[in-house]
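Let's take a walk through this model, starting with its aromatic rings and moving on to the nonpolar core.

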Amino acid sequence: MSVDPMTTEYHTVDRLPEIRSVILDVYSEVYAQDIATDPFFALERFEERLEGHTSAAG
């Protein structure tokens, strides 16, 4: 069995416009079942939380 190495990256809020769609795509895939059954996991709610976290200092 072959396993691809995982790469991690760190991004600041300045890069959010260019990586936002990737973040939303990953969230949608990982939480697909929860999104379908629990309003807390709705993509719109996640976007609100993402905006809240990225608007805070630091």
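How many aromatic pairs does the rule give here? The count comes to four aromatic pairs, where rings of Phe, Tyr and Trp (its six-membered ring) pair if their centres lie within 6.5 Å, and planes under 30 degrees apart count as stacked, over 60 as edge-to-face and the rest as tilted. Take Tyr27 and Phe46: their ring centres are 3.9 Å apart and their planes sit at 15°, so this pair is stacked. Tyr27 belongs to helix H1 (residues 16–30) and Phe46 to helix H3 (residues 43–55), so the pair ties together parts 19 residues apart in sequence. Helices here (H or I, at least four residues) are DSSP runs, numbered from the N terminus. Tyr27 and Phe46 are both buried, meaning under 20% relative accessible area, with exposed over 50% and partly exposed in between (1.4 Å probe, protein chains only).

A quick word on ground rules: this is a predicted model, in which local features need pLDDT of at least 70 and side-chain atom pairs count only at pLDDT 80 or more, while totals for chains, interfaces and linings use all residues. Residues are numbered from 1 along each chain as its sequence is written, and side-chain values use heavy atoms, leaving out hydrogens and water.

Now for another pair. With ring centres 5.4 Å apart and planes at 20°, Tyr31 and Phe41 are stacked too. Tyr31 lies in the loop between H1 and helix H2 (32–37), and Phe41 in the loop between H2 and H3, so this pair links parts ten residues apart in sequence. Tyr31 is partly exposed, at a relative accessible area of 31%, whereas Phe41 counts as buried at 19%.

Zoom out a bit, and Tyr27, Tyr31, Phe40, Phe41 and Phe46 form one aromatic cluster. Arg49 lies over the face of Phe40, 4.4 Å from the ring centre; a charge sits over a ring if NZ of Lys or CZ of Arg is within 6 Å of the ring centre and within 35 degrees of the ring normal.

What makes up the largest nonpolar core? Its six residues are Leu16, Leu24, Tyr27, Phe41, Phe46 and Leu50, a core being a set of buried Ala, Val, Leu, Ile, Met, Phe, Trp, Tyr and Cys residues joined through side-chain atoms within 4.5 Å. H1 and H3 each supply at least two residues of this core, and H1 gives the most, with three.
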